[in-house]
Amino acid sequence: MTIDMSVDIGGLRLRGPVLAASGTFGYGTEVPLLERRALGGMVSKGIFLRPRAGTPPPRIVETPSGMLNSIGLQGPGAEGLIRDYAPQWAQWDFPVLVNINGETADEYGELAARLDGVAGVAGFEINISCPNVEQGGLYFGNDPRAAAAVTDAVRKRTDLPVWVKLTPMVTDIGVIARACEAAGADALSAINTFVGMSIDLNTRQPRLSFRTGGLSGPAIRPLAVHLAHQAARAVSIPVVGIGGITSAEDALEFLIAGCAAVQVGTATFVNPSAIADVHDGIAAYLASHGFASLAELPRYLPRD
Amino acid sequence: MFLLDAPVVSRREVARGMFVLSLDAPQIAQTVRAGQFVDLGWSPGPLLRRPFSVYKTEGDRIEVILKAVGAGTAQLLAMTARDTVSCLGPLGHGFDLAAGPRSVALVSGGLGVAPMPLAAREARAAGMSVTWVHGARTVDELCSEAEGDEVIWATDDGSRGFAGTAVSAVPDADLVLACGPNRMLAAVAMRWPDAQVAVETYMGCGTGVCLGCAVPLARGGYDRACKEGPVYRAEDVEWSMLPAHLPYAISA
């Protein structure tokens, strides 16, 4: 039996519910071992309008069941992306969303306007949750007015699907989720990394040059399932679950908790075929439980 | 690039606390070049894979060299011939050993021996005479398997060979290749800006997507040890920005 795995995320039809998470898949031109048939879509490494060098090393450190990173959004800027990557994306059989960043709401809008209409760019994921930049990033994600202002600035400059990637570093994710929905977001990605810190006992200094980093990996999964669920309960637009997914079972937790799709990130570092394994495992679960499609999967999403 | 479940074949000690692990990884053994590495994962083990330069190959087997520097490497060293290790590789950009130079000096400090046996093999195949200068703190920590047309030993305490660093014991050569702690490589860069050096960095994915293994460049900006590296022209690296010593290393 062939399982219908397709999903509709805010106007974007995906052949499957498993996407590659931003910052863990580059621009899709690496990771040669992955069977791409399993990719529902890809979110590019986050970019700013202009090129950025990123932070000095060390940029990563492993922690129990997870890792801290402070890459600092190293990237080629809009023109580099348009020149080097978008033409390849235009040939691919799955959509690519660009993870966009800015230091001001206007800069997000300007970047969206520059990329709008570029062949290969299927939509945007607004990053208001990067913990590793001095200006912007997380600042926009923990204030509902700022989150809405950025969403609005992008919404006004494009008709492409607009997703907003939320930070877990908030008191009530539902408030931010509703603010983004009201400002015109088509979907939400929940969640980005938690801010963490690790100290080297020999140098008695932080292990990361940026001092802090974003925690990802299985360590954050139960926290992420809860926050994605809270976001899904707060809004009527789709929520894409992210956080420590390494297996189909992990992904199914997010889907059952109310997410329409999921993104796999850190797991790809460890297992280049992680996305295919998750995709195939979801299909096998649905088949063995008598569901003909992902849409038939019951969700645990009580409304208040 | 291949992803293989590689059975552990054997293990041997080549210096105090320094071991060579032999793995059955045919496709990698047949394609790896000197200075390239494999990213190893095992279960139960750490979350991230660990990068190791390929030390030697023989038939279908590859060898890596390591010390128990943390919980992960201790697990790897506890493996027996029935265990398998997930092996991703060959990865990275290795040494350029095109024919031309008549002599090469291989300079290794401690675990920096890791890429040198393959480098020696390729250099000989390219018609070079090979001098291998291998240094460590003390005689017990010298890798016993250094080889070449000439081998020069160096120890910080003078317990074998030259008393001092490997770098200060290097004779004249047309080409210098080096691997070891980053502070040793910085010294190499001062003396031979054209040397090819294999750097050590923390590494996330090994395949170029995470940007975790950033190497600061003299011309500004960063690139990736796992993709453009781990071998660099010595003067191209901004040594003052590269962490001097790491608990595990691409050379480890």
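Reader: Into which domains is chain B divided?

Author: Domain bounds come from an automatic or database domain assignment. Chain B has domain 1 (2–91) and domain 2 (103–241). The model is predicted: local features need pLDDT of at least 70, side-chain atom pairs count only at pLDDT 80 or more, and totals for chains, interfaces and linings use all residues. Residues are numbered from 1 along each chain as its sequence is written, with chains lettered from A and ligands numbered from 1 in the order in which they are written.

Reader: How many residues does each domain of chain B give to the contact?

Author: Residues are in contact if their C-beta atoms, placed from the backbone, lie within 7 Å. Domain 1 of chain B gives 20 residues and domain 2 of chain B gives 22. Their C-alpha centres lie 20 Å apart.

Reader: Which strand gives the largest share of the domain 1 side in chain B?

Author: Strands (E, at least two residues) and helices (H or I, at least four) are DSSP runs, numbered from the N terminus. E4(B) gives the largest share, 3 residues.

Reader: At what angle do H8(A) and H10(A) cross?

Author: Axes are lines fitted to C-alpha atoms, for helices over the stretch in contact, and angles run from 0 to 180 degrees between N-to-C directions. H8 (residues 248–256) and H10 (residues 274–288) of chain A cross at roughly 65°, and their axes come within 8 Å. H8(A) and H10(A) are therefore roughly perpendicular (65 to 115 degrees).

Reader: Which residues of H8(A) and H10(A) meet?

Author: Ala248(A), Ala251(A) and Leu252(A) of H8(A) meet Val278(A), Gly281(A), Ile282(A) and Tyr285(A) of H10(A).

How values were computed
Angles under 35 degrees count as roughly parallel, over 145 as roughly antiparallel, 65 to 115 as roughly perpendicular and the rest as oblique. Two residues are in contact if their C-beta atoms, placed from the backbone, lie within 7 Å.
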